[in-house]
Amino acid sequence: MNVICFVVALVISQAPAHTAADDAASSRPAWIELSEQNKLPLHTDVIKSTPWATVEEARTEALEMAAVRALDFAAESAPKLKNSWKVPTWLVADQMLREPIFVEEFDWDFSATLAPMHRAYAYLDLSPDKRDLLLGTWRQELMHRRMNQIGGGLGFVVICLITLVTYLRLDDATRGYYSRWLGTAAAAAVAGSAAALYTWIV
């Protein structure tokens, strides 16, 4: 009996200790492990943030990095959109993730002090359907931007015409005595309208 107890105690003492790191690893989603082993399914990618002090900061960076990755993915079919558009992070969060963002907490050795830090992982869906979604969103925003530019341009022309007619009528009514002042006021009105139009369109 004593021999059996000794053997059991020896086996237990030789078993590896269960650490917090083991708990963190075991709680990770399987897709993170597949990413680190380069075994992800086709048309997927995992984005990993840098360490941050808060969960929200880690999530925000992961989403921003995922948006850049999504833009590169869409630009494979339409290279010109890369320099003219930015994928909204809300679109990535709502439409481009295969799983919710996972945030892990770990201890960071900072100046001989262990501080809790956070790292976020985003599991991106890069299927052809998602590329079509990105391109469709980009084209829709481009169309709205052009409509705004056309509408703004027409509005500016109308303002210029109204200003010109008003200037001519007032100049005629005052028999040219205030032409210089009226001209200055008209120029200021046109310049102000142009500045407002530029700010609105851009």
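**Met117.** I began with Met117 in this predicted model and found that Met117 lies in strand β3, residues 113–125. I looked up its relative accessible area, which is 15%, so Met117 is buried. I then listed its contacts, leaving aside neighbours within four places in sequence: Pro51, Trp52, Ala53, Glu104, Glu105, Phe106 and Trp108. For one of these, Glu104, I noted a C-alpha to C-alpha distance from Met117 of 8.3 Å, at a separation of 13 residues in sequence.

**Aromatic pairs.** I next looked up ring pairs and recorded two aromatic pairs. I found Trp31 buried at 9% relative accessible area and Tyr123 buried at 5%.

Phe102 belongs to strand β2 (residues 102–110) and Tyr121 to strand β3, so the pair ties together parts 19 residues apart in sequence. I noted that Phe102 is buried at 18% relative accessibility, and that Tyr121 is buried at 2%.

**Helices α4 and α5.** Lastly, I examined helix α4 (residues 55–75) and helix α5 (residues 89–96), whose axes come within 9 Å and cross at roughly 85°. I therefore recorded α4 as roughly perpendicular to α5. On the α4 side I listed Leu63, Glu64, Ala66, Ala67 and Ala70, which meet Thr89, Val92, Ala93 and Met96 in α5. I sorted the residues of this contact into seven nonpolar, one polar and one charged.

Technical notes:
Residues numbered from 1 in each chain as written. Predicted model: local features only at pLDDT ≥ 70, side-chain atom pairs only at ≥ 80, totals over all residues. Heavy atoms only, no water. Axes fitted to C-alpha atoms, helices over the stretch in contact; angles between N-to-C directions. Helix = DSSP H or I, 4+ residues; strand = E, 2+ residues; numbered from the N terminus. Parallel < 35°, antiparallel > 145°, perpendicular 65-115°, else oblique. Contact = heavy atoms within 4.5 Å. Nonpolar A, V, L, I, M, F, W, Y, C, P; charged D, E, K, R; others polar. Buried < 20%, exposed > 50% of the residue type's maximum accessible area, 1.4 Å probe, protein only. Phe/Tyr/Trp six-rings, centres within 6.5 Å; stacked < 30°, edge-to-face > 60°.
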